Amino acid sequence: MPDTHHTRGGARTGIRRGADGIRRGADRIHAATPLGRDRAVDALRAFAILGVVLGHWLVTALVADGGGLHTASPLQHMPWLAPISWAFQTLAVFFLVGGHVATRGYASARERGTTYRQWLTSRLSRLFKPVAAVLALWTVAATALLLTGAPFETVRTLVRLALSPMWFLLVFSALTAATPLLRRLHPLWPLAVVLHVDLVRFGLGGPDWLGWVNLAAGWLVPYTLGAAWTRGELEGRRVGWVLLGGGAVVTAVLVGWAGYPASMVGVPGASVSNLNPPTLAAVTFGLAQCGLALLLRDRLRRGMRRPLVWAAVALVNLSAMTIFLWHQTALMATTATGLAVGRLPGLHTVPDGLGWVAARLVWLPVFVLVLAVCWSAFRSFEQGPRRVGGRPSRVIRVHRRTERAAAKEARRA
């Protein structure tokens with residue numbers, strides 16, 4: 001008979017070694033981080049990205065019907081689930097952090113004598129180099145699907161979902177390019193534009209296309225709020241409470257009495273979306289989120305002193321664009337692979353009940369696993385350009401050493 005005691009002991013030893021390796025790696029990342037770095041900024045960016053990813057996975061369904069796939073949403077069939085969108089539509093926080101980091105980085109670049117062109121090229125390369133991999137893979141995948149007889153509508157649905165994060169990058173890159181002009185812009189100016197656009201569009205029966213003005217103005221609000229953070233105008237807790245309370249009250253009034261949708265994401269078949277393009281309700285809701293983010297800064301700074309927590313946040317930030325760009329592909333790859341088995345609940349079925357919600361929660365770890373595979377394959381497109389003095393940054397060097405050490409520990413175990 002096999003020595004089960006010895007087997008269990010070996011497994012425990014392997015687990016301990018792995019845990020010790022992770023702790024040592026976290027300690028190295030913690031030590032490699034510059035002392036003056038505001039870790040709350042990184043924590044907010046990580047939470048914003050992961051919130052968007054998890055939100056998409058919870059409200060995006062690909063229903064198998066008649067040999068093809070079409071998109072659906074549980075919010076379409078169960079509108080009372082709208083609070084899910086309140087928790088996971090976190091783009092305003094990302095733009096807040098983006099505006100803060102960009103304006104602070106531009107000021108530092110000017111002090112070092114870096115030209116605007118050099119600064120902008122460096123920042124945009126970090127955004128768009130990972131895009132090349134997504135576009136290349138989906139060009140090949142779409143062509144292969146069409147050549148093998150996949151329905152055109154199915155291919156279009158898949159490509160649209162895969163490329164849907166691109167709108168965010170286009171808006172964010174445009175605001176980044178305009179950073180020198182936006183450093184002193186008060187957030188009330190773009191907020192006033194959003195207000196007047198909605199008054200004309202909804203109150204005076206203006207054309208629907210006018211709403212697309214808010215695609216820039218709406219996200220300018222949190223971005224310029226981030227610039228105000230850089231200027232030191234958001235210190236203290238009072239401004240956080242004003243943004244949180246004021247934004248929440250105005251949003252409640254807009255939803256409860258002005259007829260704005262309760263969902264903060266688009267819902268298939270809905271006549272009005274709060275997100276595409278952004279409405280006044282989406283912007284005021286974003287202000288409430290930004291207020292909460294500002295109130296949490298001190299608590300996050302304390303939490304980021306723990307090496308394991310900080311290491312997780314740092315690694316998410318190093319791969320933020322990779323995670324963001326590939327999370328929909330992970331969902332679709334899982335859905336397409338599952339079709340070989342049949343129509344699986346929570347994956348291919350209509351999201352019209354709590355049974356679908358429960359089944360979708362079970363699929364989330366699978367999405368994470370597939371996304372991890374995508375991350376492993378394509379992260380170099382994002383992490384490659386992050387260099388200081390011609391060498392990778394200290395955190396990246398430590399991250400890579402940690403991975404190699406963990407692999408050795410696993411082989412040893």
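Buried residues have under 20% relative accessible area, exposed residues over 50%, and partly exposed residues fall in between (1.4 Å probe, protein chains only). The views below show a predicted model, in which local features need pLDDT of at least 70 and side-chain atom pairs count only at pLDDT 80 or more, while totals for chains, interfaces and linings use all residues. Residues are numbered from 1 along each chain as its sequence is written, and side-chain values use heavy atoms, with hydrogens and water left out.

**View 1. The whole chain.**
The chain has 19 helices and four strands. Helices (H or I, at least four residues) and strands (E, at least two) are DSSP runs, numbered from the N terminus. Of the 413 residues of the chain, 47% are buried. Contacts are heavy atoms within 4.5 Å. Among contacts in the chain with a separation of 6 or more, 78% are between residues 24 or more positions apart.

**View 2. Cysteines Cys290 and Cys374.**
Cys374 is buried, with a relative accessible area of 10%. Cys290 is buried as well, at 0% relative accessibility. A disulfide is a pair of cysteine sulfur atoms within 2.5 Å, and the structure holds zero disulfides.

A pair of aromatic rings is described by the distance of the centres and the angle of the planes. Here rings of Phe, Tyr and Trp (its six-membered ring) pair if their centres lie within 6.5 Å; planes under 30 degrees apart count as stacked, over 60 as edge-to-face and the rest as tilted. The count by this rule is 17 aromatic pairs. One of them is the stacked pair of Phe95 and Trp219, at 4.9 Å centre to centre with 15° between the planes. Phe95 belongs to helix α5 (residues 91-112) and Trp219 to helix α11 (residues 214-230), so this pair ties together parts that are 124 residues apart in sequence. Phe95 and Trp219 are both buried. Trp167 and Trp219 form a tilted pair, with 6.2 Å from centre to centre and 35° between the planes. This pair also links distant parts of the chain, as Trp167 lies in helix α8 (residues 166-177) and Trp219 in helix α11, 52 residues apart. Phe94, Phe95, Trp167, Phe168, Phe172, Trp219, Tyr223 and Phe324 form one aromatic cluster.

**View 3. Arginines over tryptophan rings.**
A charge sits over a ring if NZ of Lys or CZ of Arg is within 6 Å of the ring centre and within 35 degrees of the ring normal. The charged end of Arg297 sits over the ring of Trp229, at 5.1 Å from the ring centre. Arg379 lies over the face of Trp375, 4.6 Å from the centre of that ring.

**View 4. Helix α7 and its buried side.**
The expected span of a helix is 1.5 Å times one less than its number of residues. Helix α7 (residues 152-163) has 12 residues and reaches 16 Å from its first C-alpha to its last, close to the expected 16 Å. Its buried residues are Thr154, Val155, Thr157, Leu158, Leu161 and Ala162. These residues cover an arc of only 160° around the axis, so they lie on the same side of α7. The arc is that of the directions from the helix axis to the C-beta atoms. The buried residues of α7 pack against β1 (61-65), β2 (68-72), α6 (116-147) and α16 (320-338).

**View 5. Helix α8 and its neighbours.**
The end C-alpha atoms of α8 are 16 Å apart, in agreement with the 16 Å that its 12 residues should span. Met166, Phe168, Leu169, Val171, Phe172, Ser173, Leu175 and Thr176 are the buried residues of α8. They pack against α5, α6, α7, α9 (179-182), α11 and α16.

**View 6. Pro277 and helix α13.**
Asn276 and Pro277 are joined by a cis peptide bond, with omega about 0°. Pro277 lies in the loop between α12 (237-256) and α13 (280-295). Helix α13 is mostly covered, with 15 of its 16 residues buried.

**View 7. Pro345 in its loop.**
Pro345 is in the loop between α16 and α17 (354-378). With a relative accessible area of 51%, Pro345 is exposed. Not counting residues up to four places away in sequence, Pro345 touches Ala359 and Trp363.
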